[in-house]
Amino acid sequence: SICIVDNRKLAPNPSKRLLYFTPAIFYPKMSFSIDEFAAEMKAAMAASSPSDANSRQAAAASYFRSTLEKFSIEEILTVLKNSIPPDADVGEMIIHFSDKLTILYARLPPKFMSAVHDHTIFACIASLVGEEQNTIYSLVEEGNKDTPPKVQKEFVIRSGEVAELAPDVIHSISNPSDFPSHSLHVYGGDFRSVMSERTLWTSEELKAVPFSFPGLMKESCIRMNNAGNERGLEATAKAVPALQPLIDSISGRTEQASAGMSQ
């Protein structure tokens, strides 16, 4: 860069100018990185009150929002898409595991509806593209999961927004649009260590059963089938081809095909 300095006070001839050439300093553009995001998220939580889940959640949400301001959604999406297989199922969308943090890249097909489930650890959810609709449920009797939970409230997380869910929240998520939605879910702990503590509710009777990712996808497909959500089932099968036999079985397509062949 060139800096021109007026030298009228330093030289008799006011027409003279001194030219100072200073080297240009180029600062490298920061790029979004999953590893750096995870490390700085954990640092933010540790800098709060490590023993207080509410403080750690607030710190995580604050850092999450600052990340969305710092990097473009397009850049974040590019990194996320390159981090998982093209036909990844929901379990393979977990892109970071540690004892303090789990990060999941959620790609919801059009009209997708999930089964009711809990996490047992706090969550911060950022919508990147599209919308993620959340339905929050509450237990009729606190601590008693044998009674079907009741709908408490609903809200939508829109692109660029971050929502916070307490550790005891029971919810289901859906994509109400005709286009895929993309979101980043951060959980304040290791999913692997709490898997046996988590609960999934069946879609037909809302009966509490042990959580598993295959079970979540099965009950989600049952829920969509019961709702007559053909678009959601078709989009889910297209997004995760391995689910096609399950969807055919749930929707009765296998039986229909067999009946047609026997005629």
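Which residues in α5 meet Leu 246, Ile 247, Ile 250 and Ser 251 in α7? I started there.

**Ground rules.** I'm working on a predicted model, where local features need pLDDT of at least 70, side-chain atom pairs count only at pLDDT 80 or more, and totals for chains, interfaces and linings use all residues. Residues are numbered from 1 along each chain as its sequence is written, and side-chain values use heavy atoms, with hydrogens and water left out.

**Helix pair.** I found Lys 218, Cys 221, Ile 222 and Asn 225 on the α5 side; contact here means heavy atoms within 4.5 Å. Helices are DSSP runs of H or I with at least four residues, strands are E runs of at least two, and both are numbered from the N terminus. I sorted the residues of this contact into five nonpolar, two polar and one charged (Ala, Val, Leu, Ile, Met, Phe, Trp, Tyr, Cys and Pro are nonpolar, Asp, Glu, Lys and Arg charged, the others, Gly among them, polar).

Next I checked the axes: α5 (213-226) and α7 (244-251) come within 10 Å and cross at roughly 40°. Axes are lines fitted to C-alpha atoms, for helices over the stretch in contact, with angles from 0 to 180 degrees between N-to-C directions.

**Sheet.** I traced an open sheet of six strands, in the order β8-β7-β10-β5-β12-β13, with antiparallel pairing; a pair needs at least two DSSP bridges. β8 (150-158) and β13 (208-210) are at the edges with a single partner strand each, so one side of each has no neighbour in the sheet. From one strand to the next, the twist averages 30°.

I zoomed in on β7 (131-138) and β10 (170-174), an antiparallel pair with five bridges. There, Asn 134 has Ile 173 in β10 as its bridge partner.
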